[in-house]
Amino acid sequence: MGRRPHRCYRVIKNKPYPKSRFCRGVPDPKIRIYDVGMKKKGVDTFPHCVHLVSWEKENISSESMEAARVACNKYMVKTCGKDAFHLRVRVHPFHVLRINKMLSCAGADRLQTGMRGAFGKPQGTCARVSIGQILLSVRCRDSDAEKADEALRRAKFKFPGRQKVVTSNKWGFTQITRADYVKWKKEGRLENDGVNAKILTCHGSLGDRAVHKLMDGPAVSVRDE
């Protein structure tokens, strides 16, 4: 028996049903890799960031998430090179889908129980997403911005419902706007922390800090000046 069409499971209508000691025998999700590309490159390498944002409240299957990841990754590798981007899948398929299997062979009417004991067995997994939730994110150089837009546009066709490709005003995967990042970098307020950046403030014990990490005031945003 093959997989049901995802239109059977697209609507969010019940409580979350995660894998647990009560819900056993759940098949592994199809997507196993959530970060591809140059995931260890520092925060300064890729300033540009593009998101694929869900515009519907729905379930998204792990199969469609894997297909979107492959499509986006393949286009970026082909056009930019495998060391010119970092792709991250931002949703995880924790919700378990069930199926009440029915026999369709000859003489099945003697064996079938109909709606008696209709609570189904685990069939697959999906992610429950809401309106405005980010599905995929790509960080790259400014020169590859249009290619990242096209890669996420192609990934859209693997998902049900509506999505939008949105260019972020933040620096890479950080929560700092590009204007603030440039300003605070010049002031020496930022400390690289992998794909993120820490903001050095004037709080905390002075005895534990190096001299170059001592700040005389709070970090002031560009829009607050």
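Biologist: How many bridges pair E1 and strand E4, and in which sense?

Modeller: First, the ground rules. This is a predicted model, where local features need pLDDT of at least 70 and side-chain atom pairs count only at pLDDT 80 or more, while totals for chains, interfaces and linings use all residues. Residues are numbered from 1 along each chain as its sequence is written, and side-chain values use heavy atoms, with hydrogens and water left out. Helices (H or I, at least four residues) and strands (E, at least two) are DSSP runs, numbered from the N terminus. Two strands pair if DSSP finds at least two bridges between them. Here, E1 and E4 (residues 85-89) are antiparallel, over 3 bridges. In E4, His 86 is the bridge partner of Gly 37.

Biologist: In what order do the 5 strands of the open sheet run?

Modeller: Read it as E1-E4-E7-E2-E8, with antiparallel pairing. Strand E1 (35-37) and strand E8 (163-167) each have a single partner strand, so one side of each is left without a neighbour in the sheet. Neighbouring strands are turned by 15° against each other on average, direction ignored. Such angles come from axes, which are lines fitted to C-alpha atoms (for helices over the stretch in contact), and run from 0 to 180 degrees between N-to-C directions.

Biologist: Is E7 mostly covered or mostly open?

Modeller: Buried means under 20% relative accessible area, exposed over 50%, and partly exposed in between (1.4 Å probe, protein chains only). E7 is mostly covered, with 6 of its 7 residues buried. E2 joins E7 by 6 antiparallel bridges, and Leu 52 stands opposite Leu 136 in E7. E4 pairs with E7 over 5 bridges, also antiparallel. There, Leu 87 is opposite Val 138 of E7.

Biologist: Which strands does helix H1 lie across, among E1, E4 and strand E7?

Modeller: Contact means heavy atoms within 4.5 Å. Helix H1 (residues 62-79) lies across E1, E4 and E7 (134-140), at about 175° to E4. H1 also lies across E3 and E6, at about 65° to E3.

Biologist: What is the order of the open sheet of 3 strands?

Modeller: The order is E3-E6-E5, antiparallel. Strand E3 (58-61) and E5 are the edge strands, pairing on one side only. Neighbours in this sheet are turned by 50° against each other on average, direction ignored.

Biologist: Now the rings. How many aromatic pairs does the structure hold?

Modeller: Rings of Phe, Tyr and Trp (its six-membered ring) pair if their centres lie within 6.5 Å; planes under 30 degrees apart count as stacked, over 60 as edge-to-face and the rest as tilted. The structure holds 2 such pairs. Tyr 17 and Phe 119 have ring centres 5.9 Å apart and planes at 85°, so this pair is edge-to-face. Tyr 17 is in the segment before E1 and Phe 119 in the loop between E5 and E6, 102 residues apart. Trp 171 and Tyr 181 are stacked, at 4.2 Å centre to centre with 10° between the planes. Both Trp 171 and Tyr 181 are buried.

Biologist: Is Phe 119 buried or exposed?

Modeller: Phe 119 is exposed, with a relative accessible area of 54%. Still, Phe 119 touches Tyr 17 and Arg 98, not counting residues up to four places away in sequence.

Biologist: Where does the charged end of Arg 98 sit?

Modeller: A charge sits over a ring if NZ of Lys or CZ of Arg is within 6 Å of the ring centre and within 35 degrees of the ring normal. The charged end of Arg 98 sits over the ring of Phe 119, 3.9 Å from its centre. Likewise, Arg 139 has its charged end over the ring of Phe 173, 5.6 Å from the centre.
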